[in-house]
There are 4 protein chains.
Amino acid sequence: MTDFIPTPTVPAPDIVRCAYMEIVVTDLARSRAFYVDVLGLHVTEEDDSTIYLRAFEEFIHHNLVLRKGPVAAVAAFAYRVKSPAEVDAAEAYYKELGCRTERRKDGFVKGIGDAVRVEDPLGFPYEFFYETTHVERLTQRYDIYNAGELVRLDHFNQVTTDVPKGRKYLEDLGFRVSEDIKDSDGVSYAVWMHRKQTVHDTALTGGDGPRMHHIAFATHEKHNIIQICDKMGALRISDRIERGPGRHGVSNAFYLYILDPDDHRVEIYTQDYYTGDPDNPVVTWDVHDNQRRDWWGNPVVPSWYTEASLVLDLDGNPQPVIKRTDASEMAVTVGADGFSYTREPGEERGFKMGNQL
Amino acid sequence: MTDFIPTPTVPAPDIVRCAYMEIVVTDLARSRAFYVDVLGLHVTEEDDSTIYLRAFEEFIHHNLVLRKGPVAAVAAFAYRVKSPAEVDAAEAYYKELGCRTERRKDGFVKGIGDAVRVEDPLGFPYEFFYETTHVERLTQRYDIYNAGELVRLDHFNQVTTDVPKGRKYLEDLGFRVSEDIKDSDGVSYAVWMHRKQTVHDTALTGGDGPRMHHIAFATHEKHNIIQICDKMGALRISDRIERGPGRHGVSNAFYLYILDPDDHRVEIYTQDYYTGDPDNPVVTWDVHDNQRRDWWGNPVVPSWYTEASLVLDLDGNPQPVIKRTDASEMAVTVGADGFSYTREPGEERGFKMGNQL
Amino acid sequence: MTDFIPTPTVPAPDIVRCAYMEIVVTDLARSRAFYVDVLGLHVTEEDDSTIYLRAFEEFIHHNLVLRKGPVAAVAAFAYRVKSPAEVDAAEAYYKELGCRTERRKDGFVKGIGDAVRVEDPLGFPYEFFYETTHVERLTQRYDIYNAGELVRLDHFNQVTTDVPKGRKYLEDLGFRVSEDIKDSDGVSYAVWMHRKQTVHDTALTGGDGPRMHHIAFATHEKHNIIQICDKMGALRISDRIERGPGRHGVSNAFYLYILDPDDHRVEIYTQDYYTGDPDNPVVTWDVHDNQRRDWWGNPVVPSWYTEASLVLDLDGNPQPVIKRTDASEMAVTVGADGFSYTREPGEERGFKMGNQL
Amino acid sequence: MTDFIPTPTVPAPDIVRCAYMEIVVTDLARSRAFYVDVLGLHVTEEDDSTIYLRAFEEFIHHNLVLRKGPVAAVAAFAYRVKSPAEVDAAEAYYKELGCRTERRKDGFVKGIGDAVRVEDPLGFPYEFFYETTHVERLTQRYDIYNAGELVRLDHFNQVTTDVPKGRKYLEDLGFRVSEDIKDSDGVSYAVWMHRKQTVHDTALTGGDGPRMHHIAFATHEKHNIIQICDKMGALRISDRIERGPGRHGVSNAFYLYILDPDDHRVEIYTQDYYTGDPDNPVVTWDVHDNQRRDWWGNPVVPSWYTEASLVLDLDGNPQPVIKRTDASEMAVTVGADGFSYTREPGEERGFKMGNQL
Ligand SMILES: [Ca+2]
Ligand SMILES: [Fe+2]
Ligand SMILES: [Fe+2]
Ligand SMILES: [Fe+2]
Ligand SMILES: [Fe+2]
């Protein structure tokens, strides 16, 4: 079912972590109101077309670039590598894969030096860089700490048609799997992969792709996430809360999904677990386990399965979206045709969402 | 629309607070597992047919009585009054109302002395008592404090067909309104009423009644409620989480609704506000305000509107359930026929639940 | 030892709760920076000489008045009464006590109507009022909720030489005791007294008096208090944190004491318990119990025992401070001469602070 | 001032993280009561002489070994390495350093396979291992999650006479410095060093050594730490709370120090920051900065500076304790002879502890 992405002969670049995302927004002022006024991200610098934002405990130049453009989309998923030489390694690696690459010694955005961007085998615009301007790490600036403060970029989430294919490609690139969702027929629905010592730097979600599912920021504690909900209620934008808050089954994190003015999805996330040991146990969830996506069994809204953001090629044009042909997680789990369980078969009760509709 | 309940000429009893509920459960061991093992309520005493439970900071004998019986139902909503003489006042008050009353000098249950039970004008079994055995208040017993500790009984919630009728009756009884839900046609959907200085000791929810909608216990902080969800997930009883957690619009409390083995509904609740001033402002919500029941606009599951527990008459037989004839909150707000708003009319977006289905 | 304050023959005014304090500050701008910029209290109105502040969930005009003046002191401890007629009752009550009183139909400060101020038998300036301007209750304004938000005025604390004398006077005035600190010789060191259903509206602390020990505001949760500490650290005013944070033995509340620019002491406080039942159990602590003031046994700094604010008479002159002649809590518990215990006598270890010095 | 520890020519072992500590306790039952009943660590296995304990989210066999013995001391600081071959690397590395080493293919304790123990150049018993039995990771066992749950081993802290010497040795071993405390004369008082992506796996504290200063476990949130204090109060062992809770300046973590029955010090710790980037900024604190050890300026109790646990050589005999000759942090900062500041020089106020004594 999977067309194979070969393993290059040259070494993969040594990736440290997901570092920033560049997104195109259609109304810069509205996006600024959302990311700065509502979410409280910190402006490193900004001009008429672009805003550079970072989380509270970040010391690199930014974690999010908002760039004004005609079509809402993602321009780059950027990873930091371990040294300047690893940018060369990334370029060579993707060249051997036959991917289009573009190298810019002065970087693609402010605050980032020598970088390479590629159209990766799954169709995503990946960037690799080491050089970056250090900025004030606000860690102990509790005088400006807000009640829903976002303290770190945590991860990306990408929608792709063929999860096993993407997983093999990312494993070759040095990512390690922490958790995944499968069924007994061997269909793979999603996989979580990391470089830093958390559950993930990126995850692959099966669906029509390539698309960006969400970008996630971490808070210190759960009450910070609740405050974000409360604030969105006070601002009468509660309809921009898409899903949650809740406790993930996968990753064990406390989560919330909200939508920015262009429907780019943002997750707020806290308290997953340490994954740094080489033999960190992989957790596999059955797609029919009703607690895999929400530990409390609360239903996943359909839009969360179906909606996602376009991604751009290196010319800035949206990548065409390809239909997933494998089974859809929504189809196999939600509603009359789907099947899910709260307890193991044999116990009396079952699918929670069915009870509600 | 309302048949009038006359105001007695004798003074209403001086009620201090909601104090305990007596419920009939069909399987005492299963109910014990739920209330003691899952929720961590503290056993004051128990025998083969009855368990007396209290919250962490309670000093009266109990807040909940579980009594084994053939049909799941509520036997009493018990209020504490200010002095022994107020039990006499209660008896006289209901006698003048023409209600059936029963007085027992030694109480109806262990730990409670002289008490009167009545079949009130709305069909509910109300009890009034002052005398009670003082037991250890566990307030600083942090050595047995569990992560989801329930610290106080907070309130009752009753389903009744005619909310304005019930409201007038409870106002005569000395309750004061803190919040309510109405529509522009003057239909009243729910009302919150208090004696102690919180948002409510009891609330009236419009629906087929008389039935018991829920009993609510308070925790110290929001994370305690999240822990209860997490624990129910770990025990694989997440399908017994009916609604939430969330932030109420009405009352501003953080909440969770769960179901006991007999489908008696329990709310876990924290952080409403002080209502003790005589001119405490009443908050009225429009039934179409999508944030009235959940400040984050998350949908209310239909079962929450339709399901409730039977209540017993003084012979222990279930009261017949009368159909509500006023508009139903579910009907006017949920789905294709309903209408709700997140922001005021004129703004672009609307009903959140509609987006999800 | 106590000179008796007689019980008036007229009824005591029906007090609802502690409502606001008027304090004189020597540098209005510095005080504004502390109460508004650091603590986040909300300005109801202000002019060149006076700032009116309220907590997040307050609906009366203010909880704190800062008035510019030459000598830092407290001008009024103001209580709200249940109706306009209770202001008359208060005036009559204190007149019978032989106290100086002053009645102003238009109030002493903005936002308050008909009020009486008195020089009470202990030397404190007490005010009683009912009429007040209702202002926006910010309860669900989570868009302006800060990470250390103060949500309610909780209580006053007064230093007086003779605690039993003051206790009897306040009991006559309708206050009920929730907790106290004594020793086996019958010396009374402190008492906590309430009208609303919390541990106290005011407390009497034995010492040189009359002086104001502190005013206390409540937060929702413990992390809000920790944030205030963190913020004061970030602002490099950690030397204005006098004591805590900690868990009180008395009241069980989580607490923090900080000092304003004039050394007026402010407590931040959360999670004491319900006291509304008529037979609410009184908790008596032994003065030698090392956990009475801090449940974790952390030492009370000497300044907390010795320092307090002057109070004014009705002419605006500071009341003379009288020496306490009863035993001092600090003397009997701290250091080489004092004695305290963590466990009951017979167990091996003892006084924690002694271990540290 | 420093006698040089040479850099070996063979590569340092690739260390993953601090993994467990083996401590000798004199009364196994009392220690079990402390670590299991009070702190809630989970017993992997135990027998008459030894108890193996782990934190909630751990999947290796244990994080703490309590072994019954005649003298309270630390038998091993154990680090996990990246592969079996790295144990060989460790052995070779220390052999070249001229250190005594002992290799055991079946491990020194249950649940650990091939391991080498060494008497390191600073006199500490270090262990390196890869093989370990995987045990149930309790991450989502919220049914047994207690209110003060310890979820991870976070770090060790070692007392050594010569901090720069130790720092150079640990840097050679692959540790990276995150923070340190110095003075303007170049004296080094303490240093924090990490392998995993947190502030430290171990820290060096200047003092008489070699001794073990503390072992630290992490909780999820701050309220979990407060609960541990509250529980120790309820158990009337508040005199075993040595210092805190507080916010560290160094590391920014919320902390608490408590003492086990043998006076082994345990820190409870939460919410430091990500350090995984190769250029993670190093934070240097001035020893006179009054907020370096406690961000709120609360005083460090003298015992915290002076007391620590003995460490054992490979024969099980205590290492002799050598006096520190460099300046003592306590001497230069506490009391009449010391000097500390809250704000930069030129501002009006200074040393907080001085105000208190
Ligand atoms: Ca919390
Ligand atoms: Fe995510
Ligand atoms: Fe409720
Ligand atoms: Fe206080
Ligand atoms: Fe530490």
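Figure 1. Donors are N, O and S atoms within 2.8 Å of the metal (3.2 Å for Na, K and Ca), and water is not among the atoms, so sites may look incomplete. C:His214 belongs to strand 13 (residues 211-218) of chain C and C:Glu267 to strand 16 (residues 265-270) of chain C, so this pair ties together parts that are 53 residues apart in sequence. Helices (H or I, at least four residues) and strands (E, at least two) are DSSP runs numbered from the N terminus. Both C:His214 and C:Glu267 are buried (buried is under 20% relative accessible area, exposed over 50%, and partly exposed in between, with a 1.4 Å probe and protein chains only). The model is predicted: local features need pLDDT of at least 70, side-chain atom pairs count only at pLDDT 80 or more, and totals for chains, interfaces and linings use all residues. Residues are numbered from 1 along each chain as its sequence is written, chains are lettered from A and ligands numbered from 1 in the order in which they are written, and side-chain values use heavy atoms, with hydrogens and water left out.

**Figure 2. The iron ion (ligand 2) and its donors in chain A.** A:His155 (NE2), A:His214 (NE2) and A:Glu267 (OE) coordinate the iron ion (ligand 2) at 2.0 to 2.1 Å. Along the chain, these donors follow the spacing H-x58-H-x52-E. A:His155, in strand 9 (residues 152-160) of chain A, and A:Glu267, in strand 16 (residues 265-270) of chain A, link distant parts of the chain, 112 residues apart. A:His155 and A:Glu267 are both buried.

**Figure 3. The contact between chain A and chain D.** Chain A contributes 35 residues and chain D contributes 35 residues (contact means heavy atoms within 4.5 Å). About 3,100 Å² is buried between the two chains, and carbon and sulfur atoms give 46% of this area; buried area is the accessible area (1.4 Å probe) that two parts lose on being put together, summed over both. Eight salt bridges are counted between chain A and chain D, a salt bridge being a side-chain nitrogen of Lys or Arg within 4 Å of a carboxyl oxygen of Asp or Glu. One of them joins A:Arg80 and D:Asp279, whose closest N and O atoms are 2.7 Å apart.

**Figure 4. The loop that holds D:Thr198.** D:Thr198 lies between strand 11 (188-194) and strand 12 (202-206) of chain D. With a relative accessible area of 16%, D:Thr198 is buried. Apart from neighbours within four places in sequence, D:Thr198 is in contact with D:Asp272, D:Tyr273 and D:Thr275.

**Figure 5. Backbone geometry at D:Pro245 and D:Arg236.** D:Gly244 and D:Pro245 are joined by a cis peptide bond with omega of about 5°, and D:Pro245 lies in strand 14 (residues 241-247) of chain D. D:Arg236 occupies the loop between helix 4 (222-234) and strand 14 of chain D. The phi of D:Arg236 is near 60°, a positive value in a residue other than glycine. D:Arg236 counts as partly exposed, at 22% relative accessibility.
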